[in-house]
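Have the sequence and the 3D view open as you read.

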Amino acid sequence: MYSIEIRDLTKKFKDKVAVNNISLKIKEGELFALLGVNGAGKTTTIKMLSGLILPTSGDIIIESMDIKKDTLKIKEILNVSPQETAIAPNLTVKENLEFMAGVYQIKNKDDKINGLIKTFKLDEVLNKKAKTLSGGWQRKVSIAISLINDPKILFLDEPTLGLDVIARKELWKVIKGLKGKITIILTTHYMEEAESLSDRIGIMSNGKLIDVGTSKELIKKVKSKNFEDAFVKIATGGDL
Ligand SMILES: Nc1ncnc2c1ncn2[C@@H]1O[C@H](COP(=O)(O)OP(=O)(O)OP(=O)(O)O)[C@@H](O)[C@H]1O
Ligand SMILES: [Mg+2]
């Protein structure tokens, strides 16, 4: 079964076409990486898929439900870690976790929160106000919070941006641990990340989804020596 079906999805901001007629099917448990240069349309796509903004046209079917009709039901089974880290600045890390557990009415709240504290090694920052944390720590907290409702579908918009190399590797481990269990769409500018984590990769350019495949397939298709070269060739149309 498909977890996400996207048909002819378009988003216009006045005369700017941010997402241009995208169609894509993502299987249950798949980890799909969405790549593209700055402004390609990745975040806009994620915002539409997670119900944060409305498409100009096209359809989004999530777990067989139409996002236009079953918005609330769909929002219960997904979660997003947005590109601009979203945590309450004046609450401590613990309070942030508790607040979101409350929003989602999590039943075994303490167990869930303690599990996330352990997975993301949040002990040392637990009682600090979110606004006093470094950018990387805020990001880690934001990603931890996105797992509070055990989402079936998780959108991670540049999850490792600003993380130090160890934190990045730790987060990869967490993401790998989720692989196969939930459907994940992530965006990244790190080719190594897309290659090592994803089942398939989609490359966007000027709002269009111009290629989709495994890293190996894409490398072969454009006869490149590695994935970074393949990405540059595809994203620039061979101009660089
Ligand atoms: N609210 C908005 N109003 C007007 N234009 C917008 C809005 N949001 C995005 N855009 C435009 O849509 C295009 C796609 O933006 P988007 O944020 O989706 O790109 P992106 O692929 O996520 O880029 P990045 O890698 O820099 O995060 C850009 O040209 C951007 O300026
Ligand atoms: Mg973006």
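How many Å is an oxygen atom of ligand 1 from an N or O atom in the side chain of Glu158? The distance is 3.5 Å, which is the limit for a polar contact: a pair of N or O atoms within 3.5 Å, where, within protein, one must be able to donate a hydrogen and the other to accept it, and residues adjacent in sequence count only if both atoms are side-chain atoms.

Before going on, a word on conventions. This is a predicted model, in which local features need pLDDT of at least 70 and side-chain atom pairs count only at pLDDT 80 or more, while totals for chains, interfaces and linings use all residues. Residues are numbered from 1 along each chain as its sequence is written, chains are lettered from A and ligands numbered from 1 in the order in which they are written, and side-chain values use heavy atoms, with hydrogens and water left out.

Back to ligand 1. A polar side-chain atom of Thr44 lies 2.5 Å from one of the ligand's oxygen atoms, and at Ala40 a backbone N or O atom lies 3.2 Å from an oxygen atom of ligand 1. On its own, ligand 1 has 640 Å² of accessible area, and the protein covers 63% of that (areas come from the Shrake-Rupley method with a 1.4 Å probe; for residues, only the protein chains shown count as cover). Two elements give two or more residues to the shell, β2 (16-27) and α1 (42-49). Helices (H or I, at least four residues) and strands (E, at least two) are DSSP runs, numbered from the N terminus. Helix α1 gives the most, with 3 residues.

There are 14 residues around the ligand, and Gly39, Lys42, Thr43, Thr44 and His189 come nearest; a residue is near a molecule or strand if one of its heavy atoms lies within 4 Å of it. Sorted by class, this shell holds 4 nonpolar, 7 polar and 3 charged residues. In that scheme Ala, Val, Leu, Ile, Met, Phe, Trp, Tyr, Cys and Pro count as nonpolar, Asp, Glu, Lys and Arg as charged, and the others, Gly among them, as polar.

Next, the metal. Which residues coordinate the magnesium ion (ligand 2)? The donors are Thr43 (OG1) and Gln83 (OE1), at 1.9 to 2.1 Å. Thr43 sits in helix α1 and Gln83 in the loop between β6 (78-81) and α3 (93-103), so the pair ties together parts that are 40 residues apart in sequence. Donors here are N, O and S atoms within 2.8 Å of the metal (3.2 Å for Na, K and Ca), and since water is not among the atoms, sites may look incomplete. Gln83 is partly exposed, with a relative accessible area of 25%: buried means under 20%, exposed over 50%, and partly exposed in between (1.4 Å probe, protein chains only).

Just after the helix, Gly51 takes a positive phi of about 80°.

Now zoom out. The chain has 9 helices and 10 strands, and 50% of its 240 residues are buried. Its radius of gyration is 18 Å, which agrees with the value near 18 Å for a compact globule of this length (taken over C-alpha atoms; the rule is 2.2 Å times the number of residues to the power 0.38). Along the principal axes, the C-alpha atoms fill a box of roughly 50 × 40 × 35 Å.

Ile185 is in β8 (residues 183-187) and counts as buried at 2% relative accessibility. In β10 (residues 208-213) you'll find Asp211, buried at 11%, whose side chain makes a 2.7 Å polar contact with the side chain of Lys221.

Finally, check the loops. Lys14, between β1 (2-13) and β2, has a positive phi of about 50° although it is not a glycine, and it is exposed at 81%. Glu63, between β4 (57-62) and β5 (65-66), has a positive phi near 45°, but Glu63 is buried, at 11% relative accessibility.
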